[in-house]
Amino acid sequence: MCKIIRILKDKEEKFGILEEEKIKVLEGIQKIDMLFDKNLKEIQKLATYEILKEGVEILAPIDSPSQDVICLGVNYLEHAKESYKFKGEAFDGKREEAVYFSKRVNVCAKPYGEFALRGMSEALDYEVELAFIVGKDCQNISKEEAMDYVFGFSVANDFSARDLQKKHKQWYAGKSLEGAFVMGPCVVLKESLNPFNLKIQSYVNGELRQDSNTKEMIFTIPHILSELSHYFLIKAGSVIITGTPSGAGMGFNPPKFLKVGDEVRCVIEGIGEIVTKIIE
């Protein structure tokens, strides 16, 4: 398992390979895209010395995405049902086409940090999602070759303001609150992980809310990347998140939206967890 991590140590950012309680620091790497053209063995050879994980601040593996994050809507069947119910619309049980939208992300929030509501929403929701990072430019690629263009995988929390989604009749504003994209704690190289069968969960104040498996995705990573690449060039460094399972706050009756003081924990098997505290 190769987990690439970005850290702050003595006021200096470094990249390394996370191995339990130790981090092997990668020589000469200032941005994760400097690793895109390297395989697992080449990356491991860059490790020069070890430091302890304790006392190190873990940052999002990507600081500022070069473009808006690409998102999948209602990509788990049970979440599709709760989404349509929340909107008061009938759902026929069929998903023949993927739903794509974008999320403005100026800076990826720290995997262990805070989200400030600042009065922006009264219906803030959580969504645990599997994120993947594109490792090289791709256009007009087939499903069969799509995984060759993937660099690795991470955990994401796609915070969503449901009231703003309703207000504006579409999702962009409600998905793009400042600080509303949490990713980390690492990027697991694709050679180290099978993304098609991973337990995916979220907890609010220790209560299990979402509990599913990535095998329940309606549209898989190869489908997503291949289809989008036929519409436009997808640049290396692009971040794509693959949808959330059922159990989001809007799915409860009454809805269980987040409030100040809540703590959200998102976990994906084989990658790790991210934790966010909601503040005023």
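**Entry: Arg 6 and its partner.** I started with Arg 6, which is buried at a relative accessible area of 6% (buried is under 20% relative accessible area, exposed over 50% and partly exposed in between, with a 1.4 Å probe and protein chains only). I then found a salt bridge from Glu 13 to Arg 6, with the closest N and O atoms 2.8 Å apart (a salt bridge puts a side-chain nitrogen of Lys or Arg within 4 Å of a carboxyl oxygen of Asp or Glu). Glu 13 is partly exposed at 46% relative accessibility.

**Entry: ground rules.** I note that this is a predicted model, in which local features need pLDDT of at least 70 and side-chain atom pairs count only at pLDDT 80 or more, while totals for chains, interfaces and linings use all residues. Residues are numbered from 1 along each chain as its sequence is written, and side-chain values use heavy atoms, with hydrogens and water left out.

Entry: I looked at strands S1 (residues 3–9) and S2 (residues 12–19), which pair in the antiparallel sense over seven bridges (strands are DSSP runs of E with at least two residues, helices are runs of H or I with at least four, and both are numbered from the N terminus; two strands pair if DSSP finds at least two bridges between them). They form a hairpin with two residues between them, and Asp 10 in the turn has a positive phi of about 55°. S2 also pairs with S3 (residues 22–26), antiparallel over four bridges. In this second hairpin, Glu 20 in the turn has a positive phi of about 55°. I followed Ile 17 across: Ile 4 stands opposite Ile 17, and Ile 17 stands opposite Lys 24 in S3.

Entry: How many salt bridges does a search of the whole structure find? I got 16. Arg 104 lies in the loop between S7 and S8 and Asp 68 in the loop between S5 and S6, so the pair ties together parts that are 36 residues apart in sequence. Arg 104 is partly exposed at 40%, and Asp 68 is partly exposed at 24%.

**Entry: a network.** I also found Lys 103, Asp 125, Glu 127, Asp 158, Arg 162 and Lys 175 linked in a network of salt bridges. Is Arg 162 buried or exposed? Arg 162 is buried, with a relative accessible area of 4%, and belongs to helix H3 (residues 162–168).
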